[in-house]
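Visitor: I am new to this structure. Please take one part of it and look at it closely with me.

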Amino acid sequence: MNERAALVAALAAVVAAQALAHDEPQRAQVEQKIRLTARLLSDQATAQRIGASGQVQALAHLDEGRVHQSLAEDLLARGDLAGARQAADEALRHLGLARRLVPDAPARQAAARARHEQQLASVERLLESWRTRAGPDGIELVDAIGVLAQARALAQEQRYDEAQARLAQAERLVLAGLSRALGATTLDYTLRPATPAEAFQQELARQRGFAELVPLAVRDLRPRPEALALVERYSETSQTLRAQAQQRFEQGAAAEALEQLRSATLYLQRALQAAGLVVPPSTGSPP
């Protein structure tokens with residue numbers, strides 16, 4: 001071998017060594033991923049759950065996962081690290097889809113319990129808001145409390161689907177009651193306030209009641225995005241008008257402040273209607 005050939009051979013050996021050193025960490029990562037995928041695919045509990053479900057799509061995803069796992073192992077043996085990694089990723093993706101289509105019973109129960117507890121807390125907050133306005137008595141309030149108690153009892157028996165149905169019923173009762181309670185707070189002009197300042201304070205209390213209800217209605221009635229945009233727009237307008245009304249009131253213009261505050265209340269009523277809560281009609285409408 002002449003000097004030039006020896007130099008080329010030496011350079012080739014260096015390049016090969018560098019490539020091997022570069023590939024070793026990548027190969028280790030791919031091997032780790034393939035081992036993980038193989039372990040997940042060989043889990044008997046998962047395979048039995050998917051097989052027993054009879055869910056055609058889940059079974060198809062499980063089979064696809066096994067095919068890609070086999071391909072990943074073959075590509076790794078041939079030194080195709082990029083191809084092996086991609087095949088292993090596909091195997092994991094299909095396995096994940098299969099498992100989501102057939103969740104295990106404990107996971108379903110845990111998710112159902114979490115949904116129930118979240119909605120229960122929401123309905124309880126609505127009920128308390130209604131109680132503060134309507135007082136502790138009233139047949140409708142008692143009915144709502146009774147339905148809520150049924151929901152709690154069903155949840156204790158882990159009958160979460162039935163419990164959710166009772167919660168939905170209680171929520172409808174409470175929202176309807178809140179709507180009527182707020183409607184009952186309209187000013188009684190047969191007994192007129194003694195002064196414009198007193199009228200302003202009464203309207204301010206009414207407006208605050210509607211303002212407190214808006215976030216509750218949004219959370220519990222879950223309006224569509226376009227309706228939610230209206231809720232936010234009307235609420236912002238109401239806040240602006242209320243701030244202007246309070247400023248005018250502080251300047252001594254109580255009558256003008258009262259008119260602006262009534263407009264602020266009307267915008268809140270529109271916000272509630274956009275959220276899906278029926279509120280009593282008011283005289284006049286916002287511009």
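Guide: Start with Ala229, which lies in helix 9. This is a predicted model. Is Ala229 buried or partly exposed? Its relative accessible area is 43%. Now follow the chain onward to Ala274. Ala229 and Ala274 are 45 residues apart in sequence. In space, their C-alpha atoms are 9.0 Å apart.

Stay with helix 9, and bring in helix 8. The axes of these two helices are 12 Å apart. They pack at an angle of about 160°. Angles over 145 degrees count as roughly antiparallel, so helix 8 and helix 9 are roughly antiparallel to each other. Helix 8 makes a left-handed crossing as it passes helix 9.

Which residues meet there? From helix 8 come Ala197, Phe200, Gln201, Leu204, Gln207, Arg208, Val214 and Val218. From helix 9 come Leu228, Val231, Ser235, Ser238, Arg242, Ala245, Gln246 and Phe249. By type, this contact has nine nonpolar, five polar and two charged residues.

Helix 8 also packs with helix 10. Here the axes are 9 Å apart, and the angle is about 15°. Angles under 35 degrees count as roughly parallel, so helix 8 is roughly parallel to helix 10. This crossing is left-handed too. The contact of helix 8 with helix 10 holds 21 nonpolar residues, three polar and three charged.

Next, the nonpolar core. In soluble globular proteins, nonpolar side chains tend to be buried together. The largest nonpolar core here has 36 residues. Which of them touch the most other members? They are Leu127, Trp130, Leu148, Val174 and Leu272. Six helices each supply at least two residues of this core: helix 5 (105–134), helix 6 (139–156), helix 7 (160–183), helix 8 (196–221), helix 9 (225–250) and helix 10 (254–275). Helix 10 gives the most, with nine residues. There is also a second, separate core of nine residues. Among its members are Ile34, Leu76, Leu81 and Ala84.

Leu127 is found in helix 5. Its relative accessible area is 5%. Buried means under 20%, so Leu127 is buried. What does Leu127 touch, beyond its neighbours within four places in sequence? Its contacts are Leu141, Ala144, Ile145, Leu148 and Val174. Take Ile145 from that list. Ile145 and Leu127 are 18 residues apart along the chain, and their C-alpha atoms are separated by 8.0 Å.

Leu148 is in contact with Leu127 as well. With neighbours within four places again set aside, Leu148 also contacts Leu120, Val123, Glu124, Leu167 and Ala170.

Finally, step back to the whole protein chain. How many helices and strands does it have? There are 10 helices and zero strands. Read along the sequence, the pattern is α-α-α-α-α-α-α-α-α-α. The chain has 287 residues, and 35% of them count as buried. Contacts also reach across the sequence. Among those between residues at least 6 apart, 70% join residues at least 24 apart.

Terms used
Residues are numbered from 1 along each chain as its sequence is written. This is a predicted model: local features need pLDDT of at least 70, side-chain atom pairs count only at pLDDT 80 or more; totals for chains, interfaces and linings use all residues. Side-chain values use heavy atoms; hydrogens and water are left out. A nonpolar core is a set of buried Ala, Val, Leu, Ile, Met, Phe, Trp, Tyr and Cys residues joined through side-chain atoms within 4.5 Å. Buried means under 20% relative accessible area, exposed over 50%, partly exposed in between (1.4 Å probe, protein chains only). Helices (H or I, at least four residues) and strands (E, at least two) are DSSP runs, numbered from the N terminus. Contact means heavy atoms within 4.5 Å. Axes are lines fitted to C-alpha atoms, for helices over the stretch in contact, and angles run from 0 to 180 degrees between N-to-C directions. Angles under 35 degrees count as roughly parallel, over 145 as roughly antiparallel, 65 to 115 as roughly perpendicular and the rest as oblique. A crossing is left-handed if the near helix is turned anticlockwise from the far one by less than a right angle, and right-handed if clockwise. Ala, Val, Leu, Ile, Met, Phe, Trp, Tyr, Cys and Pro count as nonpolar, Asp, Glu, Lys and Arg as charged, and the others, Gly among them, as polar.
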